Amino acid sequence: MPNALPAPPARSFHHAWDRRAGPRSTGSPTRVVVPRCTTDADLGPTTVVGMKLPLSLTVAGPAARAQFPALAAAAGLVVLRVGLVLLRPWPLALAVDHAFDDGSASGPDPLLVLGLAAAAGVLLSGAIGLLDMGSLRAAEGAAERIGAALRATMFQRTMTRSLRWHDRMRSGELVSRLTTDVGRVLDGVVALATSFLPDAVMLVGVLALLFAFDPELALIGLAVVPVLAAFAVRQRRLIKSAQQDARAESGRLAGTTTDLLRNVRAVQAFGRTDRASAVFGTRNRAVLDVELRAIDVDARWTPVADIVLAVGSALVLVVGGRHVLSGALTTGQLLVVLAYLRDLYSPVRGLTRLSAVLAKAGASATRVRDVLDNDEAVVDRPNARPAPRLIHEVHFERVGFSYEAAHPVLEDFDLRIAAGETVCLLGPSGIGKSTALHLLLRLYDVDAGRILIDGVDVRDCDQRSLRERFAFVPQDPWLLDATVAENIAFGNQDATRAGVVAAGRAALVDEFAGRLPQGYDTPLGEGGVRLSGGQRRRVAIARAAVSTAPMVLLDEPTASLDPESAAGVIEAIRSTTTNRTVLLVTHDRALASIADRVVTLSSSRPPARGQLQNAGRR
């Protein structure tokens, strides 16, 4: 989800980076190697020779390892560029000293000197430009691959976090972290490769040459550097704090925007577009305010740095001019000193700007790391085994569960479901019927008791094999933005076209698929928007039918449907659940009538059996 009013891209001495709009196309497909989820071992040491690594590099480290050769090549090219930049003042100096100031008749032809100086300047500029192009391609290409791998790792991590965590984290906020924050982390990585190293090399080289020319001028030029460094340290703290506030507000805006867009039909149906605009406007203004404060903090640094460096240049010009007048330096040599001083201040300015880039990247890296380091997940036990195929029974044994500690949803819940049996759970909303299905799928773990399949605790089974034993039709029959066939095939990764069509026929999808423009190959739009509620339910049932799972879980499959649509869904359930074990949650008495046994859950809790009242067989 795009973010409103993003801050301007961070810039360093050599290049500008801005990946907040997502990865750019490179014109050819790239295989993304997805590293495993980040752990403390993956992150490795956080200090090098007593110096703390930038947080952006620490977070991106596992994904960046495969791209180290490309980043090293980019850094090498930029170092070569530094060498050529150090040669650039000399053609002008030679032209001034030997073509303009040299009045001897025995000297070289001034026109020849000027021509050679001009040619040398063009060649140096051309070579510098080629090295810039090569380093930019290598660094940006590596950065995009790092970004793709980091996003894939974050997405994988997100998909395996517990639903308790997802209940707290808004989807728009996650999208913001996956896109905008990853982009800013990459800004920091690329800046380190293409700015820090060359600026450091440039700084050392220029200092060496300046001291070789005139130690006094070199010391005068360096006098302002400690002042600049002090300002830079203070500025980085201010920028990081401002950017953390900006990123947090941007994430909240993304969450609000996603929520409103997802529910646009309800907004329009209730005539609340003005209310939606007001909610969005509040968040949008908050983002604008914090982004403007961040820009103000960043902008206030520019004149300070320029003024401090200008003072240094002025002092060198005055003292160097006196040296020329006294004959200690030639005019050309003074020009070289001033050019080197400019080249000295450029990396100093670049390194101070790098500090700001890393501050912004660090604020985003914190948000990325919160996802990568989160350990809220339903995890497999050591030596977890494949789940049994379900030959005998499923047993909820005195199960207790609560979403919040003070508010239990299930207490002492006991239920046996024989293989091949259809059991229906009835009861008021909020009593825990849907929760029982989620616990069986291990979307949550029980707080007390056990759930057994053929005598094996589901917590002793690996999650993948456990969930392959069930075909789940949720209360909200979510559909992908894909075709009818692709939505049905989602229920079985080995599904064939014939199997998909057979499942669709059994779930009565054929009744409406034939009227769609492209039949089973018709795109359904986001959330299956091109289908009615009953049609979406039938596609969801077909998705369960194409599965080879021995047990089907149905959560309110006829909720909010008219009688005719509900009758079609009930018929689809009858035809697709033959010879399967079924656990059905519903308020619909007509649907409950297809069950072999109906169990009513109530808020009364007599001893031992808690919430169960057996209503007999059907």
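Q: A charge sits over a ring if NZ of Lys or CZ of Arg is within 6 Å of the ring centre and within 35 degrees of the ring normal. Over the ring of which residue does the charged end of R543 sit?
A: The model is predicted. In it, the charged end of R543 lies 4.3 Å from the centre of a ring and sits over that ring. The ring belongs to W478.

Q: Does F401 count as buried or exposed?
A: Buried means under 20% relative accessible area. F401 has 2% relative accessibility, so F401 counts as buried.

Q: How many residues apart in sequence are the parts that the pair of F401 and Y444 ties together?
A: The ring centres of F401 and Y444 are 5.5 Å apart with planes at 55°, so this pair is tilted. F401 belongs to strand 5 (residues 393-404), while Y444 is in the loop between helix 14 (433-440) and strand 8 (448-453). The pair therefore ties together parts whose separation in sequence is 43 residues.

Q: Which residue forms one aromatic cluster with F401 and Y403?
A: Y403 counts as partly exposed at 35% relative accessibility, and Y444 counts as buried at 7%. The aromatic cluster that contains F401 and Y403 also includes Y444.

Terms used: Residues are numbered from 1 along each chain as its sequence is written. This is a predicted model: local features need pLDDT of at least 70, side-chain atom pairs count only at pLDDT 80 or more; totals for chains, interfaces and linings use all residues. Side-chain values use heavy atoms; hydrogens and water are left out. Buried means under 20% relative accessible area, exposed over 50%, partly exposed in between (1.4 Å probe, protein chains only). Rings of Phe, Tyr and Trp (its six-membered ring) pair if their centres lie within 6.5 Å; planes under 30 degrees apart count as stacked, over 60 as edge-to-face and the rest as tilted. Helices (H or I, at least four residues) and strands (E, at least two) are DSSP runs, numbered from the N terminus.
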